Amino acid sequence: MDSFSTGSSGSGSPQFSTDEFMDQMKVQLAQAYAQEFLETVRGKCFEKCITKPGSSLSGSESSCISRCVDRYIEATGIVGRALFTSR
């Protein structure tokens, strides 16, 4: 029985545990974070670093994107730690 199957009570509503629900929420949050990350990188890093769009990246464009992504990862880590350790 998967987490969305109905139980034997016949109520027709999904029956799943709090742990299963939390696991599903964690997966959905991770997917949302990954999507936001990619959109931010595309919107900010590529726009900033790609000066002459072409079929490949120049060395300076590649370095710029790498640094931009590293800074974004570092910043989100700092913000995440501040949010979750201050409680």
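**Fold and helix packing**

Modeller: Of the contacts (heavy atoms within 4.5 Å) between residues at least 6 apart in the protein chain's sequence, 23% join residues at least 24 apart. This is a predicted model, where local features need pLDDT of at least 70 and side-chain atom pairs count only at pLDDT 80 or more, while totals for chains, interfaces and linings use all residues. Residues are numbered from 1 along each chain as its sequence is written, and side-chain values use heavy atoms, with hydrogens and water left out.

Colleague: How many helices and strands in the protein chain?

Modeller: Two helices and zero strands, taken as DSSP runs (helices H or I, at least four residues; strands E, at least two; numbered from the N terminus).

Colleague: At what angle do the axes of H1 and H2 cross?

Modeller: Roughly 140°, and the axes of H1 (residues 18–49) and H2 come within 10 Å.

Colleague: Which residues make the contact?

Modeller: Among them are Tyr33, Phe37 and Cys49 of H1, and Glu61, Cys68 and Tyr72 of H2.

Colleague: Switching to glutamate 61: buried or exposed?

Modeller: Buried, meaning under 20% relative accessible area with a 1.4 Å probe, protein chains only. Glutamate 61 lies in H2 (residues 59–85).

Colleague: What about the nearest side chain of opposite charge?

Modeller: That's lysine 52, 7.7 Å away, and glutamate 61 has no salt bridge (a side-chain nitrogen of Lys or Arg within 4 Å of a carboxyl oxygen of Asp or Glu).

Notes. Buried means under 20% relative accessible area, exposed over 50%, partly exposed in between (1.4 Å probe, protein chains only). Lys and Arg count as positive and Asp and Glu as negative; His and the chain ends are not counted. Axes are lines fitted to C-alpha atoms, for helices over the stretch in contact, and angles run from 0 to 180 degrees between N-to-C directions.
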